[in-house]
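Student: I have a structure open and want to go through it piece by piece. Can you take my questions as they come?

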Amino acid sequence: MIREVDLVSYLPPFMAKYREPAAALEAENPEFLLAWSAADRILNNRFLSTADEYGISRFEKMLKIYPDKADDIETRRTRVLLRWNNRVPYTLRSLTAKLNEVLKGGHNFVLELKEYELVLTVYGLDDSQNAELEYVLSVMVPLNITTDIIYESPLAGSVFFGGIMQEADLIELRER
């Protein structure tokens, strides 16, 4: 929304021919450009999707999130979005949807619920997602249900499968 600021164009035609007011207004153009860019930054920082480093840090302060120094802006934005959009009541379906958001896809984890035990098997977890995953489970799972997280990494080597098929004719010999 940054505008091209040209204050001289606002002068009435009879004043535009004088150099002094035009020079004074020309000198004020950079100040108005700074004001417009500051207003634009304030507007962008009101929304999570367009917030810059300062805006995300304000949201993190409100939610009491302490980011790592290694986190980039998109990881921090995702963490803030996940915590900002928490809904109650928590069901197995909403937990699965939240895990899909954290783990970025539905095919890299398996969730099993037994009586009072929740087993989550995660395949190929990124280190930046680990803390967020533990936070989501600690907030969404009731305290009377135990939570087990099993981390399984993809295999590094090759896996070979094989089979054999054999055909035979059975001949039965009998005595007479």
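Tutor: Start with Ser 57, which counts as partly exposed at 28% relative accessibility. Keep in mind that this is a predicted model.

Student: Which helix does Ser 57 lie in?

Tutor: Ser 57 is part of helix H3.

Student: Arg 76 is in H4, then. Which residues of H4 are buried?

Tutor: Arg 76, Arg 77, Arg 79, Val 80, Leu 82 and Arg 83 are buried in H4.

Student: What do those buried residues pack against?

Tutor: The buried residues of H4 pack against H3, H5 and H6.

Student: How many residues does H4 have, and what does it reach from first C-alpha to last?

Tutor: H4 has twelve residues and reaches 16 Å between its end C-alpha atoms, close to the 16 Å expected at 1.5 Å a residue.

Student: Back to the packing. At what angle do H4 and H6 pack?

Tutor: Helix H4 (residues 73-84) and H6 pack at about 10°, and their axes are 11 Å apart. That makes H4 roughly parallel to H6, because angles under 35 degrees count as roughly parallel.

Student: Which residues make the contact?

Tutor: On the H4 side, Thr 75, Arg 79, Leu 82 and Arg 83. On the H6 side, Ser 128, Glu 132 and Tyr 135.

Student: Is Lys 64 buried or exposed?

Tutor: Exposed, with a relative accessible area of 61%. The cut-off for exposed is over 50%.

Student: Now the sheet. What is the strand order?

Tutor: The order is S1-S2-S3, in an open sheet of three strands with mixed pairing. Strand S1 (109-114) and strand S3 (146-152) are at the edges, each with a single partner strand, so one side of each has no neighbour in the sheet. Neighbouring strands are turned by 15° against each other on average, direction ignored.

Student: Which helices pack on it?

Tutor: Helix H5 (residues 92-103) touches S1 and S2, and its direction makes about 155° with that of S1. Helix H6 (residues 127-140) touches S2 and S3, with its direction at about 160° to that of S3.

Student: How many bridges join S1 to S2?

Tutor: Six bridges join S1 to strand S2 (residues 117-123), and the two run antiparallel. A hairpin joins S1 to S2 through two residues. As for partners in S2, Lys 114 has Glu 117, and Leu 111 has Leu 120.

Student: What about S2 and S3, in which sense do they pair?

Tutor: S2 and S3 pair in the parallel sense over seven bridges. One of the bridge pairs is Thr 121 with Ile 150 in S3.

Student: How many residues of S2 are buried?

Tutor: Five of its seven residues are buried, so S2 is mostly covered, given that buried means under 20% relative accessible area.

Student: And Val 110, where is that found?

Tutor: Val 110 is found in strand S1. At 33% relative accessibility, Val 110 counts as partly exposed.

Student: What is Val 110 in contact with, leaving aside its neighbours within four places in sequence?

Tutor: Val 110 is in contact with Val 119, Leu 120, Thr 121 and Tyr 123. By contrast, Leu 143 is 33 residues along the chain from Val 110, and their C-alpha atoms are separated by 21 Å.

Student: Last one, H2. Where does the kink lie?

Tutor: A kink of about 30° lies at Asn 29, shortly before the proline Pro 30. Asn 29 is buried, as are Ala 22, Leu 25 and Asp 40 of H2.

Student: What span should the 26 residues of H2 have?

Tutor: At 1.5 Å a residue, helix H2 (residues 19-44) should span 38 Å, and its end C-alpha atoms are 38 Å apart, which agrees.

Terms used
Residues numbered from 1 in each chain as written. Predicted model: local features only at pLDDT ≥ 70, side-chain atom pairs only at ≥ 80, totals over all residues. Heavy atoms only, no water. Helix = DSSP H or I, 4+ residues; strand = E, 2+ residues; numbered from the N terminus. Expected span 1.5 Å × (residues − 1). Bend = angle between axes of the 7 residues up to and from the residue. Buried < 20%, exposed > 50% of the residue type's maximum accessible area, 1.4 Å probe, protein only. Pairing = 2+ DSSP bridges. Axes fitted to C-alpha atoms, helices over the stretch in contact; angles between N-to-C directions. Contact = heavy atoms within 4.5 Å. Parallel < 35°, antiparallel > 145°, perpendicular 65-115°, else oblique.
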